[in-house]
Amino acid sequence: MEPQSPNDLRELRAEFDRCWPWLDAAIARYGRTHGKENLWQRIVDGLAHFWPGPMCAIVTECINYPTGLKRLNFWLRGGSMKEILPLSDLIEEWAKRHGCHEAIGTGRDGWLIVEPDYEKTSTRRRKILTDDPATIERFGLKRGGRVEAP
C-alpha cells in the first residue's frame, strides 16, 4: 500500500474533494489550523500523505528529527472507524518500510481503547487567549472540556 501520489492531480483532487468532509471534521475538532487548500497544497508538495478509503480518509506526515528519529504522525483521520483501523495498520507497515521508528497521533483518549498497542505519552492543553467572537468562530476555538484538578 502506498499513499495517493500527486502524479495524476485531477484524480487525486477528486478523491481529496470526496474525502474532505471527514478531514474537515478532524481539523475542526481542535481548532482550524489548516483550510482545505492549505491541506491540499501540503499533499501536492509531498509534505503530507493522503490515504483515502471508500468511507474514510487519513492524512499522515513523516517527521525527521535532528537526532535521527523518524516519526509517522497520524495527523488527520476521519470517516468510518471500521475502515480507519485496518487502513492505519497498513500505513504503519508502510512507515516501517520507509524507516519510521514510531507512530504518533493526537486525539481523544478513546483512540487508546480502539488502538491498544498505543500508549498515552502526554497531555495537550490549550488556553484561548482571545475574547473576539469572530476569531473564536473563524478558527473553531470551542471552550469547554475543563478537567478539575484532584
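**Exercise 1. Burial and surface**

What percentage of the 150 residues of the chain count as buried? Then describe the accessible surface of the chain.

*Solution.* Note that this is a predicted model. Step one: the cut-off for buried is under 20% relative accessible area. Step two: by that count, 31% of the 150 residues are buried. Step three: the accessible surface of the chain is about 10,100 Å². Carbon and sulfur atoms supply 52% of that surface.

**Exercise 2. Order of elements and overall dimensions**

List the helices and strands from the N terminus on, then compare the radius of gyration with the globule rule.

*Solution.* Start with the count: the chain has 5 helices and 4 strands. Now put them in order: α-α-β-β-β-α-β-α-α. The radius of gyration is 16 Å, close to the 15 Å from the globule rule for 150 residues, so the chain is as compact as a globular protein of that length. For the dimensions, take the C-alpha trace along its principal axes. The spans are about 45 × 35 × 35 Å.

**Exercise 3. Contacts and charges**

Find the share of contacts made by residues 24 or more positions apart, and count the charged side chains.

*Solution.* Consider contacts with a separation of 6 or more. Residues 24 or more positions apart make up 57% of them. Next, the charges. There are 23 positive and 22 negative side chains. The centres of these two sets are 5 Å apart.

**Exercise 4. Strands 1 to 3**

Trace the pairing of strand 1, strand 2 and strand 3.

*Solution.* Begin at strand 1, residues 49-52. A hairpin of 3 residues links strand 1 to strand 2.

Move on to strand 3, residues 70-79. Strand 2 pairs with strand 3 in the antiparallel sense, over 9 bridges. Here Asn-64 faces Lys-70 of strand 3. The hairpin between strand 2 and strand 3 has 5 residues between the strands. In that turn, Gly-68 has a positive phi of about 105°.

**Exercise 5. Gly-35**

Where is Gly-35 found, and is Gly-35 buried, partly exposed or exposed?

*Solution.* Gly-35 is in the loop between helix 1 (9-29) and helix 2 (36-44). Second, classify it. Gly-35 has a relative accessible area of 27%, so Gly-35 is partly exposed. Third, take a distance. Gly-35 and Ile-136 are 101 residues apart along the chain, and 15 Å separates their C-alpha atoms.

Definitions and conventions:
Residues are numbered from 1 along each chain as its sequence is written. This is a predicted model: local features need pLDDT of at least 70, side-chain atom pairs count only at pLDDT 80 or more; totals for chains, interfaces and linings use all residues. Side-chain values use heavy atoms; hydrogens and water are left out. Helices (H or I, at least four residues) and strands (E, at least two) are DSSP runs, numbered from the N terminus. The radius of gyration is taken over C-alpha atoms; the globule rule is 2.2 Å times the number of residues to the power 0.38. Buried means under 20% relative accessible area, exposed over 50%, partly exposed in between (1.4 Å probe, protein chains only). Contact means heavy atoms within 4.5 Å. Accessible areas come from the Shrake-Rupley method with a 1.4 Å probe; for residues, only the protein chains shown count as cover. Lys and Arg count as positive and Asp and Glu as negative; His and the chain ends are not counted. The place of a charge is taken as NZ of Lys, CZ of Arg, CG of Asp or CD of Glu. Two strands pair if DSSP finds at least two bridges between them.
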